[in-house]
Amino acid sequence: MLIEAISVIPQVFAPYLDASIMGRAQKSQVFSFNAYDLRDWTHDRHRTVDDAPFGGGQGMLMKPEPIFEAVEDVSSRGDAAPYVVFFSPCGTPFTQEVAQRLATKDRLLFVCGRYEGMDERCYKLADEVISLGDYVLTGGELAALAVTDAVVRLLPGALGDDMSAQDESFSDGLLEYAQYTRPADFRGMLVPNVLLSGDHGAVDRWRRESALERTARLRPDLIDTANLTDKERSFVDSLYAEEVDVVIGQGGD
């Protein structure tokens with residue numbers, strides 16, 4: 001996969017993407033990454049990429065001319081046109097499902113905004129607009145890095161164990177099960193006995209129930225859309241019933 005980004009600070013990508021799993025994935029040619037400086041498509045001596053918004057208001061907006069030229073120029077390189085992604089609070093919420101869909105693309109091009117945003121006409125270039133969450137970042141570079149990380153780890157060969165990406169939070173619509181390592185007794189906090197039993201079937205069952213319990217407790221919104229068996233839904237219902245019983249029992253009368 002080829003992943004590219006257009007930014008006014010392209011140097012921010014390398015420190016992260018050249019390290020650890022992302023760095024090894026690049027060396028193994030699982031993916032390649034190119035960052036472009038948006039100012040290379042400006043035509044004034046100040047290399048201006050922003051201007052004041054019509055109608056007044058705070059801050060500056062990114063101008064459409066360099067963004068259009070940059071996206072059109074970069075897109076024309078290579079055999080296949082990229083799938084162009086912009087970032088905005090107005091976009092599609094980024095989820096593991098979106099990451100899985102993006103991982104099927106041969107080429108991604110991220111366009112990173114700055115300042116107070118960009119001229120609305122720029123979004124005409126986007127195949128998709130993504131929101132990382134209901135908060136505001138200084139620029140789109142962090143969003144592009146987060147999406148790149150989430151997508152690359154799904155590519156074959158990116159992780160040392162290709163099953164790792166299939167056994168994580170959200171891979172099946174649930175949070176991941178609780179995990180433990182040595183020592184088995186740390187400050188009186190004990191690892192569940194089943195994990196020390198050597199019974200792989202029992203461990204698998206415990207992990208599934210742990211994932212269900214954690215999701216029901218921490219992210220109950222995910223339960224409604226998770227792919228659960230009738231037995232698993234009954235288990236979740238029993239957890240909710242126990243929680244109600246505890247609350248009632250604390251009433252005092």
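The model is predicted. Its largest nonpolar core has 30 residues, and a separate core has 19. The disulfide count is 0.

**Nonpolar cores**

- Five members of the 30-residue core touch the most other members: Phe 13, Phe 87, Phe 94, Leu 102 and Phe 110.
- Helix α5 is the top contributor, with 7 residues.
- In soluble globular proteins, nonpolar side chains tend to be buried together.
- Another core lies apart from the largest one and holds 19 residues, including Ile 6, Leu 38, Trp 41 and Val 84.

**Ser 88 in strand β5**

- Ser 88 sits in strand β5.
- Ser 88 has a relative accessible area of 12%, under the 20% cut-off, so Ser 88 counts as buried.
- Leaving out residues up to four places away in sequence, Ser 88 touches Tyr 123, Val 129, Ile 130 and Ser 131.
- Asp 134 is 46 residues from Ser 88 along the chain, yet their C-alpha atoms are 9.8 Å apart.

**Cysteines**

- A disulfide is a covalent bond between the sulfur atoms of two cysteines.
- The count here is 0, with a cut-off of 2.5 Å between sulfur atoms.
- For Cys 90, the nearest cysteine sulfur belongs to Cys 122, 14 Å away, and Cys 90 is in no disulfide.
- Cys 90 is exposed, because its relative accessible area of 76% is over 50%.
- Cys 122 is in no disulfide either; the nearest cysteine sulfur to Cys 122 is that of Cys 112, at 13 Å.
- Cys 122 is buried, with 0% relative accessibility.

**Surface patch**

- Tyr 135, Leu 137 and Leu 142 make up a nonpolar surface patch. Together they have about 290 Å² of accessible area.
- Leu 137 is in the loop that runs between β7 (128–131) and α5 (141–152).
- Leu 137 has a relative accessible area of 35%, between the 20% and 50% cut-offs, and is therefore partly exposed.

Terms used
Residues are numbered from 1 along each chain as its sequence is written. This is a predicted model: local features need pLDDT of at least 70, side-chain atom pairs count only at pLDDT 80 or more; totals for chains, interfaces and linings use all residues. Side-chain values use heavy atoms; hydrogens and water are left out. Patches are made of residues with over 30% relative accessible area and no salt bridge: like charges are joined within 9 Å, nonpolar side chains (Val, Leu, Ile, Met, Phe, Trp, Tyr) within 5 Å. Accessible areas come from the Shrake-Rupley method with a 1.4 Å probe; for residues, only the protein chains shown count as cover. A salt bridge is a side-chain nitrogen of Lys or Arg within 4 Å of a carboxyl oxygen of Asp or Glu. Helices (H or I, at least four residues) and strands (E, at least two) are DSSP runs, numbered from the N terminus. Buried means under 20% relative accessible area, exposed over 50%, partly exposed in between (1.4 Å probe, protein chains only). A nonpolar core is a set of buried Ala, Val, Leu, Ile, Met, Phe, Trp, Tyr and Cys residues joined through side-chain atoms within 4.5 Å. Contact means heavy atoms within 4.5 Å.
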